[in-house]
Amino acid sequence: MTAWRPTLALKFLWLLVLLLAMPAFAGDSVVPSSTLPWWFWPLALFVTCFLIGIVAVPAGIGGGTLFVPIIGGFFPFHLDFVRGAGLLVALASALAAGPVLLRGGLSSLRLALPLALVASMSSIAGAMLGLALPASVIQTALGLIVLGIVALMLVSKKSEFPQVARPDRLSSALGIHGVFIDGASGRAIDWQVHRTPLGLVLFLAIGVMAGMFGIGAGWANVPALNLLMGAPLKVSAGTSGLVLSLVDSSAAWVYLNRGAVLPMIAVPSVVGMMLGARIGARLLHILKGSVIRKMVITLLLFAGIRALLKGLGIWV
Amino acid sequence: MNTPTNARQQLDEAFRYAFLLDWGTRIGLVALVLSFAAYLSGLLTPHVPLDQLPSVWNLPVNTFLERTGTPTGWGWLALAHKGDLSNLIGIALLAGCSLPPLLGLVPLYLKRRDTVYAVICALIATVLVLAASGILSGGH
């Protein structure tokens with residue numbers, strides 16, 4: 001009775017690997033080309049990224065998370081270039097926000113730097129793995145990850161000020177704690193963290209995913225910092241951006257060195273997203289966050305299913 | 001837990017990092033926008049002609065590189081006068097602009113005898129330099 005269980009599990013795992021790899025054997029992934037003039041797609045890309053930028057801020061997710069599944073699913077670019085551009089989009093957004101968050105005390109260097117060290121190393125490995133695997137495998141895995149993000153967005157709760165009774169030994173040794181002024185209440189909030197070793201392991205995995213899929217990992221960073229390590233929500237969101245700026249830089253170099261950054265895709269995306277994010281930040285108080293969030297979840301669900309079906313060769 | 005001194009120290013670190021990051025990002029973005037304008041306007045001739053892009057941007061990266069003769073690693077620097085590849089200057093500046101703030105923190109931490117954080121900053125900087133060098137990713 002006990003012997004068949006691992007065998008069955010192994011068979012299931014093997015089946016899953018085969019399922020993921022199957023479309024790859026069907027010939028690697030030249031995306032059908034378009035008959036439209038060349039300028040149509042960069043222009044459409046700019047407009048799409050501008051719109052993504054507007055909704056990403058009120059929805060509370062990074063633009064990169066929406067960028068890769070949407071552009072990878074509906075534009076005639078190869079996923080290699082989409083992921084390269086996606087990393088740059090996430091990087092540019094994190095870089096633009098970083099100084100403001102640091103000066104406002106919402107981003108903690110003491111919290112970000114140890115996590116960024118492990119995640120930036122693993123993001124290089126993730127990027128190399130992502131460029132080595134067939135696009136159909138990445139597309140399928142991306143679909144699964146995006147559907148996972150949708151589930152996470154639907155079920156995860158946030159804790160504004162988590163209670164950390166005692167910091168763990170590692171965070172005490174590293175002096176990871178701080179104080180920030182909560183803009184809403186005007187109170188000075190002291191914070192500390194726990195479960196730092198587990199946090200480091202989680203950021204190792206987050207780095208791999210960021211590098212492999214070219215999506216900013218804010219969707220994973222914030223719950224890890226807030227729910228696992230116990231940092232206040234605003235500090236988690238601010239620090240996540242700082243970690244992203246370092247993680248995405250490392251992975252972006254891999255894509256750049258491998259020639260997977262195509263300026264005609266990357267630049268309109270970066271500029272469109274940054275302009276859209278500025279508008280989104282201004283509309284933050286006007287737009288209803290919950291409505292935008294539902295819209296983004298629907299959009300991600302659609303893009304995730306599309307990525308999955310495209311990767312499996314069902315809807316090419 | 002947070003004495004006024006270490007809260008002040010953390011702000012000093014944050015301000016130094018933010019200042020250097022802010023300027024690096026600005027310079028990178030300006031370079032990116034200017035080079036893209038030169039690329040689109042035809043001021044700089046592209047390495048891959050604009051009207052041929054739709055026939056190559058749907059290819060896997062290795063096939064794209066073979067088909068267009070685009071170099072990998074830092075090989076693009078030799079072709080940085082070409083409209084499309086000139087954009088990589090701005091992109092490289094953005095991908096590298098975390099390096100000065102990280103290195104800027106090292107002396108600050110060392111002055112406070114916070115060796116662990118000085119080492120962490122130096123290690124992240126090393127990871128970035130290694131990633132940029134192409135040694136790890138086989139870009140050369």
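In this predicted model, helix α4 (residues 79-103) of chain A and helix α3 (residues 83-96) of chain B have axes that come within 10 Å and cross at roughly 60 degrees. Axes are lines fitted to C-alpha atoms, for helices over the stretch in contact, and angles run from 0 to 180 degrees between N-to-C directions. α4(A) is therefore oblique to α3(B); angles under 35 degrees count as roughly parallel, over 145 as roughly antiparallel, 65 to 115 as roughly perpendicular and the rest as oblique. The contact is made by A:L88, A:L91, A:A92 and A:L95 of α4(A), together with B:I91, B:L94 and B:A95 of α3(B). Two residues are in contact if their C-beta atoms, placed from the backbone, lie within 7 Å.

The contact between the chains takes 59 residues from chain A and 53 residues from chain B. On the side of chain B that touches chain A, α1(B) gives the most, with 14 residues. Helices (H or I, at least four residues) and strands (E, at least two) are DSSP runs, numbered from the N terminus.

Chain A contains twelve helices and two strands, in the order α-α-α-α-α-α-α-β-β-α-α-α-α-α. Among contacts in chain A with a separation of 6 or more, 84% join residues 24 or more positions apart.

Residues are numbered from 1 along each chain as its sequence is written, while chains are lettered from A and ligands numbered from 1 in the order in which they are written. Local features need pLDDT of at least 70, side-chain atom pairs count only at pLDDT 80 or more, and totals for chains, interfaces and linings use all residues.
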